[in-house]
Amino acid sequence: MAVPGSKSLTNRALVCAALARGTSRLEGASASDDSALLANALDQMGILVRRDAGALVVEGRGGALYAPKLPVPVGNAGTTLRFLLALAAVAEGTTVLEGGGRMAERPNDDIVDALGALGLEARHAEGTARFAVTGGALRGGEWTVRSDRSSQFLSSLMMVAPRAAAPVTLRPAGALASGHYVRLTRDVMAAFGVTVVCGAQETFTVHAPCAYTPATFRVEPDASGATYPYAAAAIAGGRVFVPGARPSSHQPDAAFAGVLAQMGCTVSAEEGGTAVVRTGTLRGIDVSMRDMPDAVPALVAAALFAGGPSRVSGVGILRFKESNRMEGMANELRKLGADIAVEPDAIVVRPAPLRGALLDPLGDHRLAMAFALVGLRVAGVRIGDAGCVAKSFPSFWDALEALLTESATSPG
């Protein structure tokens, strides 16, 4: 089952390419709604982004960005909003960003506060998803940003740090959530010619002022998207192969296949991709998913069919995603008869008989795809708002149908 290009890598590459001077090409770029919203915003800020077959071509202007005349829509795309808030800090004029309803409830004031501490005018209208940033000169020195609810705040500032007037040291205030995504940010910045130096106590230094260089960047298949076909093999049994997927990838969710191996699946890195096979009984698991929270919905779906209980910890951050994934996922799966308990920082799943029901993914793409996996074993599972998968995996339903067709026609 093929998965699209990584949304996380695509969005980081879009930012770096926009700040470079010259033409960059992002091969295998994500066609997700989130990446389309970011590309549209860059167009409005004076950066031409066009699709050429499976690639995005970006005409960077060396950091010359302009505030759009009209508010920029960002939907419920957290990465898009947070990256644009930082980009707006180096744009000429005042950029206004407008998100969807859920965005008003998600934690975004941390980066607004960080921009204000740098002497920039950044505003968030309380109780709304409307943000405004007036661009200005970025000073060097130590930049501090709270990052315990999302590492995207740190990543967004890191990517604009080369535009500062002097070297910048970024310091997360408190624990750093999903820190492996910061490594992904550093990888992409390096591909565009900027080195981030890691220091003691999770500090990161950029020797600004420095310039990004245009590049041809190959976007890996989305490791978060690959969690669904991998989990499909765990749930339904048999073998699933994901072309281009590499367990050695720095994408945090690339480690998900190893979690399934602990549950009894066989994982093999093959020429051209990765295969997951289950032939025996699926085992329950006690695992921390702190470093890969986006893989939790697929894991919980698989845990429903394990022979024993599972405890998935380190996942309190899921309350701040496109939905409150902890409560939302548990409440919807209970409609099927699932035995799920929600703790402050964990989800506990115990085996129970399941039945069909109509499930509401709450507009959350990852819940919709996880619920679809349950339907591989439970008759009568129906999913409302199936189109919300376009946020990260527009071709999901076609890919799942192709997988089922392939399984039905495979020998044995």
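## A walk through the salt bridges

Start by selecting K7, D34, D294, K321, E322, R325, D364, R366 and K391: a network of salt bridges links these residues. Keep in mind as you look around that this is a predicted model. Across the structure there are 21 salt bridges, and this tour stops at a few of them.

**First stop: R325.** Click on R325, which sits in helix α10 (residues 325-334). Is R325 buried or exposed? Its relative accessibility is 0%, so R325 counts as buried.

The closest N and O atoms of R325 and D364 are 2.8 Å apart, and the two form a salt bridge. D364 lies in the loop between β22 (358-359) and α11 (365-374), so its pairing with R325 ties together parts that are 39 residues apart in sequence. D364 is buried too, with a relative accessible area of 0%.

**Second stop: D294.** Stay with R325 and bring in D294. Their side chains also meet in a salt bridge, at 3.4 Å from N to O. This pair links distant parts of the chain: D294 belongs to the loop between β18 (286-288) and α9 (296-303), 31 residues from R325. D294 has 12% relative accessibility; buried means under 20%, so D294 counts as buried.

**Last stop: R102 and E105.** Next, select R102 and E105, whose side chains meet in a salt bridge of 2.9 Å, N to O. R102 counts as buried at 16% relative accessibility, whereas E105 is exposed, with a relative accessible area of 56%.

Key. Residues numbered from 1 in each chain as written. Predicted model: local features only at pLDDT ≥ 70, side-chain atom pairs only at ≥ 80, totals over all residues. Heavy atoms only, no water. Salt bridge = Lys/Arg side-chain N within 4 Å of Asp/Glu carboxyl O. Buried < 20%, exposed > 50% of the residue type's maximum accessible area, 1.4 Å probe, protein only. Helix = DSSP H or I, 4+ residues; strand = E, 2+ residues; numbered from the N terminus.
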